[in-house]
Amino acid sequence: MQFHHHGYVSGDPRIQPAAGCGVDRPDELPAEVDVLIVGSGPAGMIAAAQLAQFDDIVTRMVERRPGRLEIGQADGIQARSVETFQAFGFANRIIDEAYRITEMCFWKPDPQLPENIVRAARTPDDPTGISEFPHLIVNQARVLDYFAEVARNAPTRSVPDYGWEFVTLQVADDDDHPVIATLERTAGPDAGSRRTIRARYVIGCDGARSRVRESIGRELVGDRANHAWGVMDVLAETDFPDIRTKCAIQSHDGGSILLIPREGNYLFRMYVDLGEVTGKDGGDVRHTSQQEVEARANRILHPYTLTVKEVCWRSVYEVGHRLTDKFDDVPAELTGTRSPRVFITGDACHTHSAKAGQGMNVSLQDGWNIAWKLGHVLQGRASAALLDTYSAERQVIAQNLIDFDRQWSSLMAAKPDELSDPTELETFYVKTAEFPAGLMTQYPPSMIIDGAARQQLATGFPLGKRFRSNVVTRVCDANPVHLGHHHRADGRWRIYVFADRPRAGEDSRATAFADWISTSPQSPVVAYTPAGADVDAWFDVKIIYQQPYDDVDLGRVPAAYRPKVGPFSVVDHELVYAADPADDIFDSRGVDRDGVLVVVRPDHYVADVLSLDDSAALADFFARIFPVDKGTPASAGESVPIS
């Protein structure tokens, strides 16, 4: 975390100074907003937290509940989400309070006594080390609390507007605030009253029964539910030995259980198989009693027993896989002819079972994806064409998730004798580990993802996939740090300069690039950074040298990699790194030692890989996104005032 560059900070450095529309922010909903977020679930909260970093964008989030969520239904936090938490500044705090999954146990019928279950296998949760971050279990409500804190501490001082329910919307011809949303008060003395708000854009994060989705004519289409599960968070007495380990439990004839230990040591969640449903029961399965769910769980766990002492939360749900054809309000045949104004996220546009632990995780990436793009468009950094990439990117990911979940749910519901191989369930779990960890997402080429013509320059940073961090040594203080952990959710693009072999200050491609990035009119830093802003306001340029850290002379590192920032024009020393001798990033990520540029989007995804001397291609890439000249700032080594 960096602070003090605007003056001494004696309080909590996570609380940024109020700025822009955060100064004297009105308590009441204004008549006009830039972005209206409907729903304060995972997608809504992360979108609010991201947009809160853009201090000149008026964002309001409405929620029908009278206050914060107290009991969340989602609980699984995949590695990609923890990476995301790191970007928003609270990964370590939530790791400390969460349950950490390190392995999964598989229980099956005892071959000698099939009516009993026995442990058949243990598998590590991350057998290949695909992320340095853990797989966690924590209450969804706490995740929302952390994002709410980020938004509240941001320059715009964003907080949810509780007690407002979205009714409907229409998109008018008005180019300024064309979306007219009708809201109804659900709490307080004026409950039942209605009002309209005009918005430039609306993000629908209002769940599977989304009214925003209905308002734009989208429908969830897909398989009807054919299997029911009872889910319960409980405090219980049991002699089952793996009660504090994630387990998939398959009985001979009593169905199956997915056991998820919860944070805090005592609580755990069980998804209990209630069997197939025909669709002709009129939804009766949803009325299955808690006593019946517990009895079912005991039959599956035999010879072990379970006595529930307290039910903290319970539900009965039917597995269904449904998806909308697009995630915005523009008909497919009109894509590219007009810009979307309304977007849907999370359960509003894709539904699936809870057992793969993906609902909250995928929703978070939906919300982050659209939020930074709206920030760019509303600030004039990018044309409205950028917004077309939201549905194009996220709809495919949702389809992939549904395909995966259909397989996982079927395997979980199958009886052991129905499997082609006795180890099919655990084999599938290990082979597909990268997908449920949220790390298989790979966006196709677009205006913000270049083609793969130069992928061989950095094979460990696949284009369209998230930037996979690696340990490096920070030169200024000799600390080993994870390079990707310093990519914060501040709306900036990252340009990682992997230096060629010469030392700092010697004639090299890295030195020549430093001169170009700080002086050339074609440089994105020069061409697009707003006049009067810090030189690193929109682009964060970092360099990684091949030499050991003590062989890098900071005094000879070009000023482009040591910019002066803030009103006192102080040097940022934390942008210069060296390869860690124990885990050389050039080797581990397949980086060409003649020098490489890796461009990373504000949401962590690799956008381009280029040769270190291919500055023209870098200029062309950003010219597709940043079409408007913002005025030439001071060079990287000079002080600039803060507006």
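Guide: First, the ground rules. This is a predicted model, where local features need pLDDT of at least 70, side-chain atom pairs count only at pLDDT 80 or more, and totals for chains, interfaces and linings use all residues. Residues are numbered from 1 along each chain as its sequence is written, and side-chain values use heavy atoms, with hydrogens and water left out.

Visitor: Into which domains is the protein divided?

Guide: Domain bounds come from an automatic or database domain assignment. Here domain 1 covers 33-90 + 138-222 + 340-410 + 417-432. Domain 2 covers 100-136 + 225-319, and domain 3 covers 455-624.

Visitor: How far apart do the C-alpha centres of domain 1 and domain 3 lie?

Guide: They lie 32 Å apart. Contact means heavy atoms within 4.5 Å. Domain 1 gives 18 residues to the contact, and domain 3 gives 14 residues.

Visitor: What area is buried between domain 1 and domain 3?

Guide: Buried area is the accessible area (1.4 Å probe) that two parts lose on being put together, summed over both. Between domain 1 and domain 3 this is about 1,500 Å². Carbon and sulfur atoms give 49% of that area. On the domain 1 side, Gln86, Trp372 and Arg381 lose the most area to domain 3, together 36% of what that side buries.

Visitor: How many salt bridges and polar contacts cross the interface of domain 1 and domain 3?

Guide: A salt bridge is a side-chain nitrogen of Lys or Arg within 4 Å of a carboxyl oxygen of Asp or Glu. The rule finds two across this interface. A polar contact is a pair of N or O atoms within 3.5 Å; within protein, one must be able to donate a hydrogen and the other to accept it, and residues adjacent in sequence count only if both atoms are side-chain atoms. Twelve residue pairs (both at pLDDT 80 or more) are in polar contact across the interface.

Visitor: Which elements give two or more residues to the side of domain 1 that touches domain 3?

Guide: Helices (H or I, at least four residues) and strands (E, at least two) are DSSP runs, numbered from the N terminus. The elements are α2 (79-88) and α7 (359-378). Of these, α7 gives the most, with six residues.

Visitor: How many salt bridges does a search of the whole structure find?

Guide: The search finds 44. In one of them, the side chains of Asp242 and Arg119 meet at 2.9 Å, N to O. Asp242 lies in the loop between β13 (227-238) and β14 (246-250), and Arg119 in strand β6 (residues 117-124), so the pair ties together parts that are 123 residues apart in sequence.

Visitor: Is Asp242 buried or exposed?

Guide: Buried means under 20% relative accessible area, exposed over 50%, partly exposed in between (1.4 Å probe, protein chains only). Asp242 is buried, at 5%. Arg119 is partly exposed, at 34%.

Visitor: Which residues do salt bridges with shared partners join into one network?

Guide: Start with one pair. Asp540 forms a salt bridge with Lys542, the closest N and O atoms being 2.3 Å apart. Asp540 and Lys542 are buried. Shared partners join Asp490, Arg492, Arg494, Asp536, Asp540 and Lys542 into one network.

Visitor: Where is Lys326 placed, and what does its side chain contact?

Guide: Lys326 is in the loop between β18 (321-323) and β19 (342-344). Lys326 is buried, with a relative accessible area of 10%. Its side chain makes a polar contact with the side chain of Asp328 at 3.1 Å. Another polar contact, of 2.9 Å, joins the side chains of Lys326 and Thr335.

Visitor: What separates the C-alpha atoms of Asp572 and Gln2?

Guide: Compare chain and space. Asp572 and Gln2 are 570 residues apart along the chain, but their C-alpha atoms are separated by 9.1 Å. Asp572 is in the loop between β26 (570-571) and β27 (576-579). Asp572 is buried, with a relative accessible area of 8%. Its side chain reaches the backbone nitrogen of Glu574 at 3.0 Å.

Visitor: Which residues of helix α13 are buried?

Guide: An α-helix has 3.6 residues a turn, so residues three or four places apart point the same way. In α13 (residues 615-625), the buried ones are Ser615, Ala617, Leu618, Ala619, Phe621, Phe622 and Ile625. They pack against elements including α10 (509-519), α11 (524-528) and β24 (539-545).
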